Amino acid sequence: MPRTAPSAAERFGILPMPDLAFTPEVAAETAHLYEKVKSVVPSVEWPFFAPYVKAINDLKKVRNAVILAHNYQTPEIYNCVADVVGDSFQLAREAARVDADVIIQGGVHFMAETSKILSPEKTVLIPDARAGCSLASSITGEDIRLLRSKYPGVPVVVYVNTSAEVKAEADICCTSSNAVEVVESLGTDRVLFLPDQYLADWVATQTKVKIIKWHGACEVHERFTGEELRRYRADDPSVVIIAHPECPQDVIKEADFSGSTAKMADFVKTKRPKRVVMVTECSMADNIMAEAPDVEFVRPCNLCPHMKRITLPKILDSLVYMTDEVVVDPIVAAKARRSVERMVNLKI
């Protein structure tokens, strides 16, 4: 029988689990981090979080590891242990740049695959392998091959919120922050834009290129409604509404601004609206509030159950036991890398 490659635990070894007592020393060493999140993390919770925060930050040095955390991660992860934070586009770019042996992906599985695709020499771990994505699950590589036969010669743009298998079948990837620029960079009069139907609808309003869409959706964003936002506006006409373009079009029409999670964060931090309705995943508002405490957030809150699988205890387990490793077939990875790098290297 062929010998299987050694696991991450075999390559790096397993470390002793650190002491997780909340001592005066732990309190002192983490006090500066609690200052960053005290507006969104109750003081009664910090004695539980602080020992994990200290242990994770200590073990990152031992493992030469970095943590990439998406904007939807909870504040104690995003603000206290993450080395790089941002939307999926920012994390994709930084995955290829980080100087580390190990990447811990604070996000869902397709993000960890993207990190592995762009950094094949690095060990990529996800704290919970069950952290999936309804959008990524809505389309397969076979679906794209069938679409290519139906629309010969039409280029395929796939949202980065997809599996490695799907990226491998695409011409180029995009994120919500650069979708319009990616579509227009192809120089064609029509494109297949997959799989998010609502992002496709939004892109179609921003370009003259004909958008042929798929009917996938994010289970968080598709639950918001325009009627819900009109009620907020009726209660306070001065409120500023900002929405993610993965939301349905009736939501986008009610919004004062629509953009990726990174652009939403920039909007709040630069415009400093007095009251804002942030139409996206709940933890995003918590993370921005830590940086903009003068802004009042009105939250039509939908949680992503997949993002919330990632916790401090699971991140610590990853660093101690070196599980779960994300592996992408080298042939699939090579094809997927072309479409991701074409996006990352696009001059926009």
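How many helices and strands does the secondary structure of the protein chain come to? Colour the chain by secondary structure and count: there are 16 helices and 12 strands. The model is predicted, and every value in this tour is computed from it.

**Whole chain**

Start with all residues selected. The C-alpha atoms fill a box of roughly 65 × 60 × 30 Å along the principal axes. The radius of gyration is 21 Å, which agrees with the value near 20 Å that a compact globule of 348 residues would have.

The accessible area of the protein chain is about 15000 Å², and carbon and sulfur atoms account for 52% of that. Of the 348 residues, 57% count as buried.

**Helices α6 and α16**

Select residues 109–118, which form α6, and residues 330–344, which form α16. How do the axes of these two helices cross? They come within 9 Å of each other, at an angle of roughly 95°. Angles of 65 to 115 degrees count as roughly perpendicular, and α6 and α16 are therefore roughly perpendicular to each other.

Now show side chains at the crossing. From α6, pick Thr114, Ile117 and Leu118. Across from them in α16 are Ala333, Ala336, Arg337, Val340 and Glu341. By class, this contact has 5 nonpolar, 1 polar and 2 charged residues.

Two backbone features can be inspected here. Met322, which is in this loop, has a positive phi near 55° although it is a residue other than glycine. Is Met322 buried or exposed? Its relative accessible area is 2%, so Met322 is buried.

Next, select Thr323 and Asp324. The peptide bond from Thr323 to Asp324 is cis, with omega near -20°. For both kinds of feature the background is simple: most residues other than glycine have a negative phi, and most peptide bonds are trans.

**Arg272**

Go to the loop between α13 (261–271) and β11 (275–279), and select Arg272. Arg272 is not a glycine, yet its phi is positive, at about 50°. Its relative accessible area is 35%, so Arg272 is partly exposed. Met322, by contrast, is buried.

**From Pro195 to α10**

Move to the loop between β7 (190–194) and α10 (197–204), where Pro195 is found. Which kind of peptide bond joins Leu194 and Pro195? The bond is cis, and omega is about -10°.

Continue into helix α10 and stop at Asp201. Asp201 is partly exposed, with a relative accessible area of 21%. Show its neighbours, leaving out residues up to four places away in sequence: Asp201 touches Lys213 and Gln249. Finish by drawing a C-alpha to C-alpha distance from Asp201 to Gln249. The two residues are 48 apart in sequence, and the distance is 7.2 Å.

Definitions and conventions:
Residues are numbered from 1 along each chain as its sequence is written. This is a predicted model: local features need pLDDT of at least 70, side-chain atom pairs count only at pLDDT 80 or more; totals for chains, interfaces and linings use all residues. Side-chain values use heavy atoms; hydrogens and water are left out. Axes are lines fitted to C-alpha atoms, for helices over the stretch in contact, and angles run from 0 to 180 degrees between N-to-C directions. Helices (H or I, at least four residues) and strands (E, at least two) are DSSP runs, numbered from the N terminus. Angles under 35 degrees count as roughly parallel, over 145 as roughly antiparallel, 65 to 115 as roughly perpendicular and the rest as oblique. Contact means heavy atoms within 4.5 Å. Ala, Val, Leu, Ile, Met, Phe, Trp, Tyr, Cys and Pro count as nonpolar, Asp, Glu, Lys and Arg as charged, and the others, Gly among them, as polar. The radius of gyration is taken over C-alpha atoms; the globule rule is 2.2 Å times the number of residues to the power 0.38. Buried means under 20% relative accessible area, exposed over 50%, partly exposed in between (1.4 Å probe, protein chains only). Accessible areas come from the Shrake-Rupley method with a 1.4 Å probe; for residues, only the protein chains shown count as cover.
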